[in-house]
Each structure stands twice: as C-alpha cells, then as structure tokens.
Amino acid sequence: MTPVVLDSVKHADLQYHADAFPTAPFVPVIAPEIPFCADNLVIVFTIEKEPKMVALLGRTKNVLIDKDYKGTVPSSVQNYPFFLAQIGEQTAICFDKDAQQIKGNGEALFKDGKPTPFLENLKKVMKNYADLDMRTRVAAAEFQKAGILEAKELLNGFSVVNREKLLKLSDKKLADFARRGYLELAYFHLKSLANFQRLGDKIMQLDPPTAPKEAKK
C-alpha cells in the first residue's frame, strides 16, 4: 500500500471504478454493519493495545468476497482505496496509489480543478465512516478493559469474547454495555463465529498452508 494525499492539481485526471475485489486477509468493520456482516463473515478482535473489530477474509489473502459473494460487503472495502488521515491540524482524504480501483476509466474526482459531486459525496461518506469507526474502536477497547477478550489458537493474532466472562460481569457493567449497544455487538460477534468452518473450507480450497520444506541432510 502506498498512501498519498489527494490533490486537485496532482490528481486532476484521477478516476475511480469499483471493479476490483479486496486482497487483504482481514478488513475493519464498524458497529452498524456488524449485525449484517455476521451472517456470512467471521468477526473478531485484533490483538493490540487498541483493538479493532475486523472481518476475516482469508489466511494470507481474501478468499470470500468476489463476484459471486451475496453477503454484506464491509464499508472499509466499499470505501477503498480512499481513507481519512490527520495531516497536521487538518483531516485530509488520502488514497492507495497502488489500488486497481484508480487504474483506468471511471468516476472523475475533479473537474476544472474543483471536486465533482462524486468527490463531495465521498467526503461526507468518509467523515461519517470515521466517526462510526471511532465509536467501534471505543467499544472494542471497553471489551478489552473489561477483561472478556481471549486469544484463540486457531485465530493467530486475533481474539474473541469469552461468553462465560461476559456473563460474569457485574449487573452494573452489563447494564452499561446494554445501554451503549455493546451487548448487541458481542452477540453478533459470537454469532459470526459459526462461519469459521465455511471460511476454513474456502482457505483450504483457495489459500492452503504451504507445507514446510524438508531440511537438507
């Protein structure tokens, strides 16, 4: 990935098309879409100081979202290759210069040096996404702070909610989680784990682990 700040002069002729599929093995998800993504995707938490909720798409690459995929596509995939970044005291729209979505003809971003309606709408979409992404990260941080996330051997680098620890939280904490919508997120996250077998089957079909080479004698 090569992030670049969008510029009306440097990128006056840049165009966007949505004919490419994600390549990453996992992508961020935001709270409002998790109930829908949970029908087809495995939703887990990253293991890091500030955890994120992500949808698993494969082992080393995406093996789920293609032209035949019928489920909800996460907003992070739909928004790609665009994203917001903090540049000094301002927030700027950036894009991945290596993305296939900006190779070839499509929606123009600028006309006569000014943003097109497409780009103006994109700005609103990205701002709304950034707000929802931050709220989702706050929820993930609260799960971690409550001590209910645990790593799983089959999910190297990711964690899941421990149902027993969740139910053992104090009534006050559970009530707080319920009011803030966190219990609903936990429920759909746990529901999504039922898709793990389907994901595993796809991985073995399209992205199987490489057998280790035998050491020379």
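**Close-up 1. The salt bridge between Lys-191 and Asp-39**. In this predicted model, Lys-191 and Asp-39 form a salt bridge whose closest N and O atoms are 3.0 Å apart. Lys-191 belongs to helix α6 (residues 182–192), whereas Asp-39 sits in the loop between α1 (34–37) and β4 (42–46), so the pair ties together parts that are 152 residues apart in sequence. As for accessibility, Lys-191 is partly exposed, with a relative accessible area of 34%, and Asp-39, at 42%, also counts as partly exposed.

**Close-up 2. The salt bridge between Arg-137 and Asp-133 in helix α3**. The closest N and O atoms of Arg-137 and Asp-133 are 3.0 Å apart in this salt bridge, and both residues lie in helix α3 (residues 117–145), where four residues, or about one turn of the helix, separate them. Arg-137 is partly exposed, its relative accessible area being 34%, while Asp-133 has a relative accessible area of 15% and is therefore buried, the cut-off for that class being under 20%.

**Close-up 3. The salt bridge between Lys-67 and Asp-68**. Here the side chains of Lys-67 and Asp-68 meet in a salt bridge with an N to O distance of 3.5 Å.

Definitions and conventions
Residues numbered from 1 in each chain as written. Predicted model: local features only at pLDDT ≥ 70, side-chain atom pairs only at ≥ 80, totals over all residues. Heavy atoms only, no water. Salt bridge = Lys/Arg side-chain N within 4 Å of Asp/Glu carboxyl O. Helix = DSSP H or I, 4+ residues; strand = E, 2+ residues; numbered from the N terminus. Buried < 20%, exposed > 50% of the residue type's maximum accessible area, 1.4 Å probe, protein only.
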